[in-house]
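Hi everyone, thanks for coming. Let's look at one structure together and take it step by step.

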Amino acid sequence: MTFISSEMAEGRRLSDRQIDQWRESGYTLVQGLIDRQQQLDVLALADQTFPKPSTEAAAKITDFGSNGAWVFPSAHRIFNEITLCPHLLRAVASLLGVEVEQLRLTQSDLWPKYGRTEKVSSQDNMDQRIHVDYPNHSLVHPPEWSRPEAVELMLYYSDASDCGGETAVVPRAGPDDDAYRWPIVDSPGIGALTFTNDRASAEAALQAGQPEMFKFRTQLYNREVYVDFRQGDILFYRHDTWHRGTPLRPGTRRLAQNMTFRVADAEWISTLHPGWAWSAYRPSQYLEKWIATCSVLQRTVMGFPAPGNAYWTEKTVAAVTARYGPLGFDPTPYLKDRLE
Ligand SMILES: O=C(O)CCC(=O)C(=O)O
Ligand SMILES: [Fe+2]
């Protein structure tokens, strides 16, 4: 088994080597982008939110995600700040080779995974089948490898030396790598194959019904490398990177946050959460207050019209200010270029 360790970002920017690794191999593991204190603050809140390991409540959690408990936008402002941290946005933009203003957030979910001894069903996420994530993010298929339109990432709040549960990835070995033959359809849940999460269940069915695909997938497992994550490490990967979750040590819990940023015009990449709209009208007004006071860039990455967008006229600036002004919104950046 090969384990890979993170490398430090350089001055909170990705190095050329890290960018190249993501572009060529489909992943890179980076330390030092997220503010440590912010991460510890979120960790403390998450620790209170999610069941402790080895409890009845924990035993019921056997799949990805927080079920809406910790998704963007959150009533905990600190979670939104980490999600739309400027260093993170700059890193993602550098992978895609676009301006930060072109990014759009479509996923931010902080979720627990628990170490257990018994798998509960063929949909259990303990020991996952090797897969790519595009089918439940994109309405289509990722474009050719050389023109990615999204970055997916996993920010780890735990340490693999405590809990295990390393994410496994299959590094792409250049454009002729058979593991990345195109289109990428050799997985349950794609085409006519129904979705199965658990490795043993998925592979047994494929061995019986799709022997060529089973053989192909055996080489994927053979080529896996394990992400030996430390707290604060970020695995940047792609919707077309082969990867999977592996079992945690029984009795432990791993906390990690999955995020996806797409380029603005890739509208076929969906937002995964109830999200923005269903967060409005809450008694605490956390969404409205966040929009009123976050940075212009953070708003833009949420899909709020950027300064200079044709949406902005003298009238719309006044109307949006009427809506958010009482909560602290500063319209100045949106006035530029419109009122001259
Ligand atoms: O648990 C992990 O490390 C990976 C999870 C994953 O890939 C998924 O649920 O799609
Ligand atoms: Fe995945």
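I'll talk about the core, then one valine, then the ligand. This is a predicted model, where local features need pLDDT of at least 70, side-chain atom pairs count only at pLDDT 80 or more, and totals for chains, interfaces and linings use all residues. Residues are numbered from 1 along each chain as its sequence is written, while chains are lettered from A and ligands numbered from 1 in the order in which they are written.

A nonpolar core here is a set of buried Ala, Val, Leu, Ile, Met, Phe, Trp, Tyr and Cys residues joined through C-beta atoms within 7 Å. The largest one has 62 residues, and among those that touch the most other members are Val-92, Val-151 and Phe-236. Helix 5, residues 86-96, gives the most to this core, with seven residues; helices are DSSP runs of H or I, at least four residues, and strands are runs of E, at least two, numbered from the N terminus.

Now, where is Val-132 found? Val-132 sits in the loop between strand 4 (103-114) and strand 5 (150-156). Is Val-132 buried or exposed? Val-132 counts as buried because 26 C-beta neighbours lie inside 10 Å; the cut-offs are 20 or more other C-beta atoms within 10 Å for buried, 12 or fewer for exposed, and partly exposed in between, with C-beta atoms placed from the backbone.

Finally, the residues around ligand 1, with a C-beta atom within 6 Å of it, include Lys-113, Asp-133 and His-243. Strand 9 (residues 243-245) brings the largest share of that shell, three residues.
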